[in-house]
Amino acid sequence: MTESSTPSPSPSPQRSVAELVARAREGEARAVARLITLVESGAAALAEIAAMLAPTAGDAIVVGLTGSPGVGKSTTTNELVRAYRAAGKRVAVLAIDPSSPYTGGAILGDRIRMQDHATDPGVYIRSMSSRGHLGGLSAATPAAVRVLAGVGFDVVLVETVGVGQAEVEIASLADTTLVLLAPGMGDAIQAVKAGILEIADIFVINKADRDGVEATHRDIQGMIALGGSDRGPGDWRPRVVRAVAARAEGIDGIIAAIEEHRTWLVDTDQLTVRRRRRAAAEIEALALGQLRARFAELPGEGLSALADKVVTGSLDPYAAATQLLDELV
């Protein structure tokens, strides 16, 4: 089942949050779509949704896929969905698409490429607009992942927008991060420039039937070796897997590497560490959002009035910031 991202008001009394959550857990696509739309639109019911989903929101495997445009992220995601479904798992995909410069909506390219699973009730695919958010994700992605995990999906695949060197935010969201490369695209050099070596748990050399695959593999292994001085005994060493996703070749190897990494995360308690870091970032973002909203509602001298004083020189920015915080307290 596939859904686009369209803003929507809060649930009506006839369809309460509890009813939406119950239907979503039963596998109803419309209910899942409605919950994610409420998340994207920042609806008033968001806190209630989060409270209801909190007990089960940490059960899913969250896998991030990133890499330069054209390396085959959507094709690889499509085949991973097929493999996980064959294993009997419920799978959700968040495909972060570029924003329309006119409407701000998702262009839906990734969703179109995954139509193989459109009628499978065990698969949910959602295109989300990046809306100019840097890092390859949408600002609502963390909350959307929490919703999908909370309503019972076993695996959540998050595919970034494909913007190249800025796509490091996925590492803070996913349990396991896959960085896709392709021979002949200069990706090994891009990895050095972008610091992608630090975020990759698994490198996937896709389109491995192309010339230059050996050189790409060698370059990546060399970079992993150079970064080895920072790894201690028992630390994870990024795996390098080859695939030809368009022919469904190498997908079993990718899943085996994901499972190996999952085992390491659990055995070393790094899964808890990563999720604690993720939760802290989400709490901080929500708290800062609430502070900004409160600033706008302050009586007396607000942000605009203080800004005028800074411009005229009657107040410096540090004193203005202190005054704003004092008024808030």
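Buried means under 20% relative accessible area, exposed means over 50%, and partly exposed lies in between (1.4 Å probe, protein chains only). This is a predicted model, in which local features need pLDDT of at least 70, side-chain atom pairs count only at pLDDT 80 or more, and totals for chains, interfaces and linings use all residues. Residues are numbered from 1 along each chain as its sequence is written, and side-chain values use heavy atoms, with hydrogens and water left out.

**View 1. Arginine 262 in helix H9.**
Arginine 262 lies in helix H9, residues 251-267. Helices (H or I, at least four residues) and strands (E, at least two) are DSSP runs, numbered from the N terminus. Arginine 262 counts as buried because its relative accessibility is 18%. Contact means heavy atoms within 4.5 Å. Not counting residues up to four places away in sequence, arginine 262 touches Asp59, Ala60, Ile61, Asp175, Leu271 and Arg275.

**View 2. The buried residues of H9 and their partners.**
The 17 residues of H9 reach 24 Å from first C-alpha to last, close to the 24 Å expected at 1.5 Å a residue. The expected span of a helix is 1.5 Å times one less than its number of residues. Which residues of H9 are buried? They are Ile251, Ile254, Ile255, Ala257, Ile258, His261, Arg262, Trp264 and Leu265. Strand partners of the buried residues of H9 include S2 (61-67), S6 (176-181), S7 (202-205) and S8 (239-242). Helix partners include H4 (73-86) and H10 (270-296). Aspartate 269 follows H9 and has a positive phi, near 65 degrees.

**View 3. Helix H1 against helix H2.**
H1 (residues 17-25) and H2 (residues 29-41) pack at an angle of about 130 degrees, and their axes are 8 Å apart. Axes are lines fitted to C-alpha atoms, for helices over the stretch in contact, and angles run from 0 to 180 degrees between N-to-C directions. H1 and H2 are therefore oblique to each other. Angles under 35 degrees count as roughly parallel, over 145 as roughly antiparallel, 65 to 115 as roughly perpendicular, and the rest as oblique. The H1 and H2 crossing is left-handed. A crossing is left-handed if the near helix is turned anticlockwise from the far one by less than a right angle, and right-handed if clockwise. From H1, Leu20, Val21, Arg23 and Ala24 meet Ala31, Val32, Arg34, Leu35 and Leu38 of H2. The contact of H1 with H2 has seven nonpolar, no polar and two charged residues. Ala, Val, Leu, Ile, Met, Phe, Trp, Tyr, Cys and Pro count as nonpolar, Asp, Glu, Lys and Arg as charged, and the others, Gly among them, as polar.

**View 4. Helix H1 against helix H3.**
The axes of H1 and H3 (residues 46-53) come within 10 Å and cross at roughly 45 degrees. That makes H1 oblique to H3. The crossing of H1 and H3 is right-handed. Val17, Ala18, Val21 and Arg25 of H1 make the contact with Glu48, Ile49, Met52 and Leu53 of H3. By class, the contact of H1 with H3 has six nonpolar, no polar and two charged residues.

At 1.5 Å a residue, the 13 residues of H2 should span 18 Å, and the end C-alpha atoms agree, being 18 Å apart. Buried residues of H2 are Ala29, Ala31, Val32, Ala33, Leu35, Ile36, Thr37, Leu38 and Val39. Glycine 42 follows H2, with a positive phi near 65 degrees.

**View 5. Positive phi in two loops.**
Lysine 207 sits in the loop between S7 and helix H8 (213-226). Its phi is positive, about 55 degrees, although lysine 207 is not a glycine. Is lysine 207 buried or partly exposed? Lysine 207 is partly exposed, with a relative accessible area of 22%. Alanine 248 sits in the loop between S8 and H9. Phi of alanine 248 is also positive, near 60 degrees, in a residue other than glycine. At 42% relative accessibility, alanine 248 counts as partly exposed.

**View 6. Leucine 315 between two helices.**
Leucine 315 is in the loop between H11 (303-312) and H12 (317-328). Leucine 315 counts as buried, at 18% relative accessibility. Leaving aside neighbours within four places in sequence, leucine 315 is in contact with Leu306, Lys309, Val310, Ala320 and Gln323.

**View 7. The whole chain.**
The chain has 12 helices and eight strands. Of its 329 residues, 48% are buried. Among contacts with a separation of 6 or more, 75% join residues 24 or more positions apart.
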